[in-house]
Amino acid sequence: MTKELSAKEKKKLEKAARRAKVVGDKGVDVEAKKAEAMRKKEEAMKKKQEEAPVRQASPVPKAASPVPQVAALQAEGVPGRTRKISESQSIDPRRLLKTTKTQQSQVELTEPLFTYMRNTAGIKDTIQTMGFGRKDMFSRGITKNPTQLHRAIVRLGFKAAHLSKIDEREMAEKLKRALELFIDDFDGRNFNDELKQHHRVSIQQNFISELNPNINFISKCHPMTRSEACLVDIVKEAARSRQARDKNLAEFKEFLHEELQLFWKMRVDEAEATIANETFNLITDNSTVLTFGDGMNMVRIFEKASRLGRKFEVIVVDTEPSFSGKRVLQCLTEAGIQTKYSTIAGLSYMMKQTDVVIIGARSLLANGSVVGAKGCGTVACVANEDQVPVLVCCETYKFEDRCAINALDIKNEIREFPINEHITFANIVQDVIPASLVTAAITEVGIIASTSAATVISENERKRKDIAFETT
Amino acid sequence: MPAVADTDEKMLKNFFVKKIENNTEQVQSAIIAMETLLEAIKIDKSSTTIMELIDRLGNVRKLLADIDIVPQKASIKSGSELFLRFTTMMISDIMHQSSDFDKVKEALIDRGAQCIATMKLCREKAVRHFQTFVPESARVLIHGYSRAVADAIRLAAVNGRLKCVYQTKLSTASTDDEERGKFLKEISDAGIECYEVLSESVAYLMERIDVVILGAEAVVESGSVISSIGSYGVAITADVHKKPVYVICESFKFMRSYPMKQMEVEQDHKYTDGDKGHPIGDLTPAKFVTLLITDLGALTPAAVGHHLIQLYSG
């Protein structure tokens, strides 16, 4: 019954509920209005059912998020899922965020395929309902952001939800900046308020309990890639570590900043420089290198190789719908490297002229598979047929301790890509290259077989535990 | 960097050459290289710090790599690198107990000797591990001559699991011909049919073979194997006929390099005489190697990378 409400009705009920809360104790009027609304709704529904039964399969963006709908229905006494939201309480984003992902998927996605994948369906409306939407910026009466979400994180999440293509490294940098701002602004304000009934809670726990809702928000806005997840892990680990105990607020913040900077410097920036050097050694003079995908990492690596004096040619292969290879093409041409460009349709032709394929990875998995931009699996297949070695550049912080064999994997992601209102585009964002197709992985610990990723992960774990023991 | 004194250099070179020539026990050249390095620690009188000692050893290693007497340069390289790695590991271990330089040196010599003694047993262990992979009444194809493979076959013959042995004959004469002849005579005296076949006939014979055995000069990080020329062809043929290819080698032959093509394998491992003449070694890619049978047990090619990372990063 509840699902047959059309979008407009839901919004009306929402507004009515909100106004009711704002108005307050004028109980009788509220009841009367609601009864009226109920009647109108029934009439409208009858009309609609006569008109077009096809309209039930309406596309995604019109549905509002479930919770206010439930709240409104609950106030009317319609039987449904019961969740008590007292009338005087403003809409708490935390509760909005607690809606389960699968619930969203089933409600929002009209396509029954790939619902197990992470997706951001309906997120734009959730954000709007929370009061961060573009249109609602200056309207009053909508919730002020309760203390939970930091403004930098909100900005980041909002941008991420509205972008159709995201460069993974740039997102990681933005997240880093947002986290730095968050750490700066963290001041233990909520120390006493919420946790009054508990005994003294340490700064560490307080920090983490304040960080968690922010991270949840970001991961709803756009499923986090491995590099971003790693950043968050580093911050959390630093906050929980033994070294962070018994520090006062300023020292704690400084410590976190230091850890974050150190991580970024050593495992991201320096790692990239080392990888660029190794790649330079692998590209021989007058050879042709094929690259795929949208990472600016590869651009920097090739620029460095060219600056160090290698003469080589690059073939950039690109796919729809975002054609992000065009930016790569532009940057490489500006760096003075001879470049050719082709979409993936011309791949087998271009492969005949290639000496080596070098692609950037988003993540390297424990069984040796490589997670990259969609389409890279095809490139690896064709390269294998033509006996062209496939090299993958990946820093060690992106190594992940799970396994996947192909792109139909639970951690993959579908992103909305509107074409027109009749077509839903299953825009699967990432692809998985099976381990057997990858010749070698270029990392800052050297050139390793991609299957050795698991050993590197376990060695790093071992070293971290050793260090943790030493500092006790 | 302090250079090895000239006299020391000559002494070590002679030591090495003598040991190679008087190799009655058929010890691998890699182990002889390790013994030379140990000797270098013993005769070293002028270094006063650990770092100096390690530098000296590095120079000796380079010296050994340049000696032209042996065709097996790959194993010398990997063996000496491994010994140096063990040395550094041993030093950091010893330093926990005492930091007196002389005591450290003594302890180092002790442990070095122990280490070499363990290495000498590697071949035996690999040979023993191999026995479980010989099926009943096995018909076996061996390509190239390797002492480890020869020992493995001898043991299998003693255990009565072999039916017949095909040994390929290389088209050019090599230094191992004599030893190979002796080995084959031994096996046929033990009552097993032995055939010496031309390399060209390997594809013809593959349908009646159960197991292919290769020796290895060196094993690179991806699990690919550098062994005598023709191994690549034999492995491809075995792959088409779905026959297992086992490589018997000791774990000190694992090398930290990553050639992806034949051209990327270093010249030293392929040619004896600059790059004139025919190559004597080639690279068999990891996908054609079923298992590497080593003193550590039976390893898949992927495990080589694991082992090397653990060894060199710990």
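Trainee: How much area do chain A and chain B bury between them?
Mentor: About 1100 Å², with 60% of it on carbon and sulfur atoms; buried area is the accessible area (1.4 Å probe) that two parts lose on being put together, summed over both. Keep in mind that this is a predicted model, where local features need pLDDT of at least 70, side-chain atom pairs count only at pLDDT 80 or more, and totals for chains, interfaces and linings use all residues. Side-chain values use heavy atoms, without hydrogens and water, residues are numbered from 1 along each chain as its sequence is written, and chains are lettered from A and ligands numbered from 1 in the order in which they are written.

Trainee: Which three residues supply 33% of the area chain A buries there?
Mentor: I447(A), T455(A) and E459(A), more than any other three residues.

Trainee: What does R169(A) pair with?
Mentor: R169(A) forms a salt bridge with D269(A), their closest N and O atoms being 3.4 Å apart. R169(A) is in helix α8 (residues 168-185) and D269(A) in helix α11 (residues 249-282), both of chain A, so the pair ties together parts 100 residues apart in sequence. Helices here are DSSP runs (H or I, at least four residues), numbered from the N terminus.

Key
Salt bridge = Lys/Arg side-chain N within 4 Å of Asp/Glu carboxyl O. Helix = DSSP H or I, 4+ residues; strand = E, 2+ residues; numbered from the N terminus.
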